[in-house]
Amino acid sequence: MLDLLGDDTFLQQKATLESEFCRAIEQIGARSAVRDVRCRGLLAAIQLADRPAPSWQTMFDAGLHAFSREDTVIVAPPFVSTCERLDQAFAKLAALLPD
């Protein structure tokens with residue numbers, strides 16, 4: 001993995017992935033049930049308004065690799081994800097979050 005951090009192609013793909021990831025997080029943040037979103041690279045937190053986040057088990061059962069604590073969902077996909085996989089993951093996450 002450390003070898004990849006010196007690979008220009010990998011770094012460009014990672015930058016594209018980060019951009020798409022934050023765009024998708026911002027779209028989820030536009031929902032009325034979301035109080036706040038924070039995104040940095042491939043790490044994001046989605047804070048829900050006045051309701052608990054889906055449980056880790058619920059998200060795992062839906063095929064997501066995300067964590068939750070109280071009213072916040074924490075998302076951190078692997079560097080080797082693709083934009084298509086991110087789209088699939090965010091569609092699943094959006095289905096679990098209230099409108």
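A disulfide here is a pair of cysteine sulfur atoms within 2.5 Å. Apply that to this predicted model, and you end up with one disulfide. The partners are Cys22 and Cys39, whose sulfurs sit 2.1 Å apart. The torsion about their S-S bond comes out at about -75°, so this is a left-handed disulfide. As for what the bond ties together, Cys22 belongs to helix α1 (residues 8-29) and Cys39 to strand β1 (residues 34-40), and the two cysteines are 17 residues apart, so the link is described as one between distant parts of the chain.

How covered are these cysteines? Cys22 has a relative accessible area of 21%, and Cys39 has one of 24%. Buried would need a value under 20%, so Cys22 counts as partly exposed, and Cys39 is partly exposed too. Then there is Cys83, which is also partly exposed, at 25% relative accessibility.

With 15% relative accessibility, Val37 counts as buried. Beyond its neighbours within four places in sequence, Val37 touches Ile25, Glu26, Gly29, Ala45 and Ile46.

Now zoom out to the whole protein chain. It holds three helices and four strands, running in the order α-β-β-α-β-β-α along the sequence. The radius of gyration is 14 Å, close to the 13 Å that the globule rule gives for 99 residues, so the chain is as compact as a globular protein of that length.

Among contacts with a separation of 6 or more, 50% come from residues 24 or more positions apart. The chain exposes about 6200 Å², with carbon and sulfur atoms supplying 53% of that area. On the charge side, there are 10 positive and 14 negative side chains, and the centres of these two sets lie 5 Å apart.

Notes
Residues are numbered from 1 along each chain as its sequence is written. This is a predicted model: local features need pLDDT of at least 70, side-chain atom pairs count only at pLDDT 80 or more; totals for chains, interfaces and linings use all residues. Side-chain values use heavy atoms; hydrogens and water are left out. Buried means under 20% relative accessible area, exposed over 50%, partly exposed in between (1.4 Å probe, protein chains only). Contact means heavy atoms within 4.5 Å. The radius of gyration is taken over C-alpha atoms; the globule rule is 2.2 Å times the number of residues to the power 0.38. Accessible areas come from the Shrake-Rupley method with a 1.4 Å probe; for residues, only the protein chains shown count as cover. Lys and Arg count as positive and Asp and Glu as negative; His and the chain ends are not counted. The place of a charge is taken as NZ of Lys, CZ of Arg, CG of Asp or CD of Glu.
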